[in-house]
Amino acid sequence: MPRANVEPLRRAALVEATIAEVAEAGQGTTVAAIARRAGVSSALAHHYFGSKDRILIAAMRHVLATFGAEVRGALAMADTPRRRVEAVVRASFTAGNFRDEVVAAWLSFYVQAQRDPEARRLLHIYHRRLRSNLLHGLRGTVAAPEEAAEALAALIDGLYVRQALRAERLAPADCAALVLAHLDRLEAAA
């Protein structure tokens with residue numbers, strides 16, 4: 001296979017390996033462990049990404065891209081403001097977005113964002129998009145849409161943290177139902 005065709009495959013393998021390694025070892029994972037899982041040398045991992053932090057950023061870009069595609073697909077089917085909010089909430093808890101490895105990657109990403117400006121920037125972009133998507137559907141349906149968007153976003157993020165820290169796993173549908181029940185209360189109060 002020509003070298004130009006191999007690089008994207010190796011990069012993708014390193015990104016997937018990073019997500020899996022973070023789920024097992026957390027922030028303490030090493031480039032060597034990631035590379036070993038991906039079936040490449042650590043030198044090649046460093047060549048492609050430069051550092052462990054850059055590999056973690058690439059993994060989060062992948063997670064965010066997957067999440068974004070889920071949200072866009074769900075929003076395309078939403079025909080009312082309420083269904084827009086439901087689409088965003090349900091996309092947050094799809095089986096692919098809420099699997100243990102991805103949840104662990106999110107937790108690691110939050111930790112990394114405390115010290116890494118690039119991770120912080122990506123996290124702010126995610127928060128702004130989440131808030132914007134929620135707000136679009138909440139305007140005109142609840143009394144304080146900005147406050148409601150923040151509350152729903154906080155519930156979504158909080159459920160990810162709880163999923164990462166509990167021995168008993170939450171079902172994605174139950175998490176979505178919990179957030180949507182809060183939305184019901186907000187709409188009833190309007």
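Start with helix α5, residues 81–92, and helix α9, residues 172–189: they pack at an angle of about 155°, with axes 9 Å apart. Axes here are lines fitted to C-alpha atoms, for helices over the stretch in contact, and angles run from 0 to 180 degrees between N-to-C directions. Helices are DSSP runs (H or I, at least four residues), numbered from the N terminus.

This is a predicted model: local features need pLDDT of at least 70, side-chain atom pairs count only at pLDDT 80 or more, and totals for chains, interfaces and linings use all residues. Residues are numbered from 1 along each chain as its sequence is written, and side-chain values use heavy atoms, with hydrogens and water left out.

Back to the pair. α5 and α9 are therefore roughly antiparallel, a label for angles over 145 degrees. The crossing of α5 past α9 is right-handed, that is, the near helix is turned clockwise from the far one by less than a right angle. From α5, the residues in contact are R82, V85, E86, V89 and R90; from α9, they are A176, V179, L180, L183, D184 and E187. Contact means heavy atoms within 4.5 Å. By class, that contact has six nonpolar, no polar and five charged residues. Nonpolar covers Ala, Val, Leu, Ile, Met, Phe, Trp, Tyr, Cys and Pro; charged is Asp, Glu, Lys and Arg; the others, Gly among them, are polar.

Second pair. α6 and helix α8, residues 145–165, pack at about 110°, axes 9 Å apart. That makes α6 roughly perpendicular to α8, the label for 65 to 115 degrees. D100, V103, W106, L107 and Y110 of α6 meet D157, Y160, V161, Q163, A164 and L165 of α8. The classes: eight nonpolar, one polar, two charged.

Now single residues. Leaving out residues up to four places away in sequence, W106 touches M60, V63, L64, L123, Y126 and Y160.

Q112 sits in helix α6, residues 100–113. Is Q112 buried or exposed? Buried, at a relative accessible area of 1%; the cut-off for buried is under 20% (1.4 Å probe, protein chains only). With the sequence neighbours up to four places away set aside, Q112 touches Q27, D53, R54, L56, I57 and A119.

V88 lies in α5. V88 is buried too, at 1% relative accessibility. Beyond four places in sequence, V88 touches V71, L75, L130, N133 and L134.

Technical notes:
Helix = DSSP H or I, 4+ residues; strand = E, 2+ residues; numbered from the N terminus. Parallel < 35°, antiparallel > 145°, perpendicular 65-115°, else oblique. Buried < 20%, exposed > 50% of the residue type's maximum accessible area, 1.4 Å probe, protein only.
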